[in-house]
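Subject: Structure for your review

Dear colleague,

Please find below the structure that I am handing over to you. I would be grateful if you would read the notes after it with the structure open beside them.

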Number of protein chains: 2
Amino acid sequence: METTYPVEDKVGSMLQKGGEHFHPGLSVDCVIFGFHDNQLKVLLLKMKHADKWALPGGFVYKEEDVEHAAVRVLESRTGLSDIFLRQYHTFGAPARSDRKLNRELLESVGMEPHEGHWFLQRFITVGYYALVDFSSAVPRPDEISEACAWWDLQEIPLLTMDHNHILQKALETLRKQLNDQPIGYNLLPEKFTMPELQRLYETILGKRLDRRNFQRKMLGYGILNRLEERKQGVAHKAPFLYSFNQERYGAALQDGLQQGW
Amino acid sequence: METTYPVEDKVGSMLQKGGEHFHPGLSVDCVIFGFHDNQLKVLLLKMKHADKWALPGGFVYKEEDVEHAAVRVLESRTGLSDIFLRQYHTFGAPARSDRKLNRELLESVGMEPHEGHWFLQRFITVGYYALVDFSSAVPRPDEISEACAWWDLQEIPLLTMDHNHILQKALETLRKQLNDQPIGYNLLPEKFTMPELQRLYETILGKRLDRRNFQRKMLGYGILNRLEERKQGVAHKAPFLYSFNQERYGAALQDGLQQGW
DNA sequence: TCAAAAGTGTTTTTTCTACACCCATGC
DNA sequence: GCATGGGTGTAGAAAAAACACTTTTGA
């Protein structure tokens, strides 16, 4: 089922016509995680007419599935489709909307910020987090932003509105996901080494793990295929390459890994 | 911070004035769990002018925190405040709104279902689940419903719209909660026996557990106080009574019980 | 007095934890 | 040749699973 939605060609027309096209007072925000240089990265946007960075987000068309809106944001910012995306929380505090900021944005594009303008209403936002392969994702700013870039999780600046909070909550959810679901398929390249997978886990958890116990536990999940080849051109002993067993990985995502009861 | 919101005195005025007071296209639905007779129960409403039962839900006032709306629904249906409430998912499929049903409802109260009426728009709903003490909760229907009652989880009928789906998802979330957080404080009376707590777990999980291993594990969490007294007037050997250690229970909710990594 | 439910403990199995040793590679 | 990272195995501790005996009570 393919549906076409109007495209915002520029800030002005979006802000002007938004009220007609979008579901009122509703947005989605995506925390897009990538992994590179043994660091967890997050994709951030720098909006025009704003001095702070923000999470990539967007509005939901009137008859669009909310999740579809998140997929759309994701695809337009990274060029990737068919990736891991999960809704984790909806942020509904009235104070989270920064009317002053939005009013200034309206004025900056020469629009009259009249009372009742759709963009000046209070917004509820549905938070999604995504796991993407850093090397295949190509960050691209949209019409209303001047930059789009990966940020190291350790160096996240003060973001707009409540976006630091939204990001923090995504990270907590991701950490919990490790406890009953596998992670890696979407964050690592097709072929990867066990140490690389371990770095990923360590980065998400923020602590170091024992090399041998990690390998045993991970192999015990039965979701990995060890390939014949080893990683080329590395210092020291060449580690084996692995890939995920699609079927078993999917089943593990579905059924969970270890259940306490 | 106490805020007063307009009260819907009856269906007509709510449907008529709703557009002025409520955040457009947004609702909350609550899956209220109780435990009685060794059975997990859910509180359902029977709406006037409708033949199906529904989850208790409501709309969100324009400047009201979404969570506050859920608390409001909960309090008005059960008479309880300060209970366990958790947001678990937001349902945003366009097809979930049953316009036909709402149109009929409008007509049934003598209102013109004109195009663009707020009640005929597509709705996003934020799902919350609550755990309440069955014996202190007093089910009370609101102005727009003719009945409010506890239903056995095994006997849930076909509900309105996507409410069966919303309920199912709440149950899944509740099951997962058992794996890293304690449950019971809100579902059981102040004093309870170990077998009662075990029945609760068994009911949620849908499977039987070993009596002795359950007790060992549960005591190991260190969240229980064993009281001096035993349950009175029961057949067979009288079991000890327990209560939850508030401080430790709260800490366990906060920090989690067992973390896989 | 006996069936049913509850309290407590023990054995076995499995999993987790903490290590030690050898191998390959680049400098 | 040696420091660094990677592959593999093993002993001890801890947790989970399986199971048995005794006590209390109402019918």
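This is a predicted model: local features need pLDDT of at least 70, side-chain atom pairs count only at pLDDT 80 or more; totals for chains, interfaces and linings use all residues.

Residues are numbered from 1 along each chain as its sequence is written, chains are lettered from A and ligands numbered from 1 in the order in which they are written, and side-chain values use heavy atoms, with hydrogens and water left out.

**DNA strand C**

There are 20 residues around DNA strand C, and those that come nearest are Arg212(A), His236(A), Arg211(B), Arg212(B) and Arg226(B). A residue is near the strand if one of its heavy atoms lies within 4 Å of it. By residue type, this surface has 11 charged (Asp, Glu, Lys, Arg), five nonpolar (Ala, Val, Leu, Ile, Met, Phe, Trp, Tyr, Cys, Pro) and four polar residues (the others, Gly among them). Helix 6 (211–220) of chain A supplies at least two of its residues, as do helix 5 (194–205) and helix 6 (211–220) of chain B; helices here are DSSP runs of H or I with at least four residues, and strands are runs of E with at least two, numbered from the N terminus.

Which part of the DNA does the side chain of Arg226(B) approach? An N or O atom of that side chain is 2.8 Å from a phosphate oxygen of DNA strand C. Phe240(B) uses a backbone N or O atom instead, 3.1 Å from a phosphate oxygen. For His236(A), a backbone N or O atom lies 3.2 Å from a sugar or linking oxygen.

**Chains A and B**

In chain B, 35 residues are in contact (heavy atoms within 4.5 Å) with 35 residues of chain A. The two chains bury about 2800 Å² between them, 52% of it on carbon and sulfur atoms; this is the accessible area (1.4 Å probe) lost on putting the parts together, summed over both.

Two salt bridges (a side-chain nitrogen of Lys or Arg within 4 Å of a carboxyl oxygen of Asp or Glu) cross the interface. Arg99(A) and Glu63(B) form a salt bridge with an N to O distance of 2.9 Å.

**Annotation**

An unreviewed UniProt entry places the feature "domain: Nudix hydrolase" at residues 23–175 of chain A; such annotations may be inferred rather than shown by experiment. That span is 24% helix and 35% strand.

How values were computed: A polar contact is a pair of N or O atoms within 3.5 Å; within protein, one must be able to donate a hydrogen and the other to accept it, and residues adjacent in sequence count only if both atoms are side-chain atoms.
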